[in-house]
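Work through the exercises below with the structure open. Each task is followed by a solution in steps.

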Amino acid sequence: MIGPDFLHTTRSAYDSMAVQYAEFVSGQLERDPLDRSMLGVFAELVQDSGAGPVADLGCGPGHVTAHLHALGLTAFGVDVSPEMIGLARQAYPDLRFAEGSMSALDLPDGTLGGILARYSIIHTPPERLPEVFAEFHRVLTPGGHLLLSFQAHDVPSELAEAFDHTVSLAYRWSPDRVTDLLRESGIVEVARLVIAAEQDERRGFPQAHLLARKAADTTRP
Ligand SMILES: C[S@@+](CC[C@H](N)C(=O)[O-])C[C@H]1O[C@@H](n2cnc3c(N)ncnc32)[C@H](O)[C@@H]1O
């Protein structure tokens with residue numbers, strides 16, 4: 001796969017840490033009702049809308065794709081790291097996983113009922129985020145839902161703040177600024193959950209879960 005430098009760096013970093021990452025997240029969802037809560041709401045809204053399948057973009061080892069499947073969704077995973085895709089296929093042979101980048105998806109326009117991007121925008125340089133959101137808008141069906149999870153910060157003037165992520169350079173994002181960028185891409189906020197940093201000592205930052213929906217009018221503002 002050809003792509004910008006940050007994608008190569010991200011892919012190599014996760015390729016080399018894939019097994020450790022899979023161990024790190026193993027059982028995490030099962031232990032954490034707050035983490036599961038927005039996934040449940042997201043799944044219900046996508047199902048109620050009767051829309052198309054759900055893509056878990058930056059799916060890692062596929063455990064959350066499998067959780068969405070268990071909630072009744074037709075879910076598949078995409079990740080830039082071939083090692084992650086290999087682990088996901090091994091763990092969940094009945095589900096579909098593909099190598100790819102979330103900023104250039106091999107999907108037709110307007111076909112997804114939902115997108116989950118869980119801690120996967122964190123390695124995208126801030127200036128590239130609008131292009132990622134434009135791609136989300138392109139592939140979502142009108143009214144389709146997006147659930148975006150990321151480490152949050154609360155400096156109102158800053159979109160992003162780099163932090164020392166153990167795998168690769170990463171960014172914490174301002175939920176308000178991310179919401180603004182989404183709106184500019186034609187995706188509007190529905191609800192948000194921000195989990196206090198103190199709730200998870202392994203992560204150490206507030207965790208934002210932003211639920212949004214592609215405006216029913218298919219044209220971008
Ligand atoms: C922190 S892990 C999150 C994995 C999983 N979503 C979870 O919640 O545990 C970030 C994942 O996103 C993938 N990723 C990062 N940037 C990506 C991009 N632009 N396109 C596709 N995958 C990406 C990485 O390879 C990695 O597997």
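**Exercise 1. Find which residues surround the ligand, and which are closest.**

Step 1. The ligand is surrounded by 19 residues, and the closest are Tyr-21, Gly-58, Asp-79, Met-102 and Arg-118; a residue counts if one of its heavy atoms lies within 4 Å. The model is predicted: local features need pLDDT of at least 70, side-chain atom pairs count only at pLDDT 80 or more, and totals for chains, interfaces and linings use all residues. Residues are numbered from 1 along each chain as its sequence is written, and side-chain values use heavy atoms, with hydrogens and water left out.

Step 2. Sort the shell by class: nine residues are nonpolar, eight polar and two charged. Here Ala, Val, Leu, Ile, Met, Phe, Trp, Tyr, Cys and Pro count as nonpolar, Asp, Glu, Lys and Arg as charged, and the others, Gly among them, as polar.

Step 3. Helix H1 (residues 5–25) gives the largest share of the shell, five residues. Helices (H or I, at least four residues) and strands (E, at least two) are DSSP runs numbered from the N terminus.

**Exercise 2. List polar contacts of the ligand (N or O pairs within 3.5 Å).**

Step 1. A side-chain N or O atom of Tyr-21 is 2.7 Å from a ligand oxygen.

Step 2. For Asp-79, a polar side-chain atom lies 2.6 Å from an oxygen of the ligand.

Step 3. Ser-120 uses a backbone N or O atom, 3.4 Å from a ligand nitrogen.

**Exercise 3. Give the strand order of the sheet and its edges.**

Step 1. Seven strands form an open sheet with mixed pairing, ordered S3-S2-S1-S4-S5-S9-S8; two strands pair if DSSP finds at least two bridges between them.

Step 2. Strand S3 (96–99) and strand S8 (187–195) are the edges, each pairing on one side only.

Step 3. Inside the order, S4 (residues 112–118) and S5 (residues 140–151) run parallel over six bridges. Ala-117 stands opposite Leu-148 in S5.

Conventions:
Polar contact = N/O pair within 3.5 Å; in protein donor to acceptor, adjacent residues only side chain to side chain.
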